[in-house]
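Here's a quick tour of a protein model for you.

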Amino acid sequence: SIYQLHKITNDVSCVLLTGTIIMMRSILIVAILLSIAAAYYIYLPLPSTISEPWKLMFMDSILRGVMHLVSFAFVSGPQSSPAIRVTETSFGGVQAQVFESTAADQEPHLKRGVVYFHGGGWTLGSGSKKTIFYCWSMAEELDAVVISIEYRLAPEARFPDQYNEAVQASKHILTAEVLSQYSIDPKRVAVSGDSAGANLAAAVAQQMALDNSAPIKFKVQALLYPALQALDFNTPSYQQNSHIPILHRPLMARFWLEYLSGDPRLVMSLLANNHSTPTPSQEIAAAKAKTDWTKLLPVAFQKSYKPVFPLHGDPKLLEKLPGLLDVRAAPLLAETKVLKAVPPAYIMTCEHDVLRDDGLMYATRLEEAGVDVTVDHFEDGFHGCLSFAFGPFRFSVGFRSFRSYTRWLKENL
């Protein structure tokens, strides 16, 4: 009947309405839960002095997400413009990108040269993708030729492969033939890098300074938040910035293990300084003296932190990781006579960076060896901040650090 049909229609409408309400309620609950989860994932308690904390939290969450998904999105490859000519080539069999200022095309003259090593923990990144913006800007700002070296990454290559390729490329570049090809002034060539790339730059600067077969030398070295030692993961900056983006303390230990062909399960041993022992050998004691932050670090940076010594330690750990004591991997361990030979240095450090003290201790050792050193410390800086000098996620400290870095190069190169 019509009455029954009307009743059935109403019942169906009620069911549909009820289902819609339940579905909307479910969607709302899921949205709230996802929002809470996202907020939990993004939020980090950061010091009030750090530059633009909420933006940094957001960027860190993105980077962590990328790491967890094991997929990395890069910008397109380098392209030339009227001001900068970009080419891909190789030096001594090592791939590289060359960023050339075209200013000399109209008025021929010799230009500055910068050999650059990108960061990424010896395992991540690409010179053409990671450093394209500031290599480009550096070439234009300095009227220079910037050569970004594409050394191979772990796990394809392990120490000393990256070091050997860095030295090999540098030796090939520092020849009259190559410098003349790119109109680079042989008296104005710098070696530079950031993070793990600064590690390679420091190691290359030491090796090239001692190489009597290379008549052309680097005039200066510029190290941006360098990683220079892996004997102490409990310096004040490691303790203070253990969970500060973008480089967390456990992640740095993992990078070192990747570089030195170590077992990833050794992370906790490194973080506990178990590679030290209460009664170290003479070799280890000598190396530890070169990383003794209680003597090498300015008091203002020591704050109230105390050295961390293991109760027992693991003497076999250094047998598993001999690279920990190898100066090619850890330039901070170089002998004073080696440091005396290296060129003047610019060292950028950031307050909110686990590697802050590596750079500051190296500056002290260089100064004690009689080397001219400029320490450029950013109180609101964090690891990798210069990478955020450009693009949609630009940080004020990123732009300030880039300007300070290029200004020093302009005045000293």
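This is a predicted model: local features need pLDDT of at least 70, side-chain atom pairs count only at pLDDT 80 or more; totals for chains, interfaces and linings use all residues.

A disulfide here is a pair of cysteine sulfur atoms within 2.5 Å. Across the protein, the rule gives zero disulfides. Cysteine 350 is also buried, with 0% relative accessibility. Cysteine 135 is another buried one, at 0% relative accessibility.

Now for the overall picture. The protein has 18 helices and eight strands. Of its 413 residues, 52% are buried. If you take contacts between residues at least 6 apart in sequence, 76% of them join residues at least 24 apart.

On to the annotated site. Which residues does the UniProt "active site" annotation cover? According to that unreviewed entry, they are Ser195, Asp353 and His383. These three span 189 residues in sequence, but no two of their C-alpha atoms are more than 10.6 Å apart, so they gather at one spot.

Where do the serine and the histidine of this trio sit? Serine 195 lies in the loop between strand S5 (184-194) and helix H8 (196-210). Histidine 383 lies in the loop between strand S8 (373-382) and helix H18 (396-412).

| Residue | Relative accessibility | Class |
|---|---|---|
| Serine 195 | 7% | buried |
| Histidine 383 | 8% | buried |
| Cysteine 135 | 0% | buried |
| Cysteine 350 | 0% | buried |

Next, the surroundings, leaving aside neighbours within four places in sequence. Serine 195 is in contact with Gly119, Leu224, Tyr225, Pro226, Ala227, Leu355 and His383. For histidine 383, the contacts are Ser195, Tyr225, Ile246, Leu247, His352, Asp353 and Leu355. Tyr225 and Leu355 turn up in both lists. Asp353, the remaining annotated residue, is among the contacts of histidine 383.

What links the side chains of histidine 383 and serine 195? They make a polar contact, at 2.9 Å. That pairing joins two of the residues named in the UniProt annotation.

How values were computed
Residues are numbered from 1 along each chain as its sequence is written. Side-chain values use heavy atoms; hydrogens and water are left out. Helices (H or I, at least four residues) and strands (E, at least two) are DSSP runs, numbered from the N terminus. Buried means under 20% relative accessible area, exposed over 50%, partly exposed in between (1.4 Å probe, protein chains only). Contact means heavy atoms within 4.5 Å. UniProt positions are given in the numbering used here, feature names are shortened, and annotations may be inferred rather than shown by experiment. A polar contact is a pair of N or O atoms within 3.5 Å; within protein, one must be able to donate a hydrogen and the other to accept it, and residues adjacent in sequence count only if both atoms are side-chain atoms.
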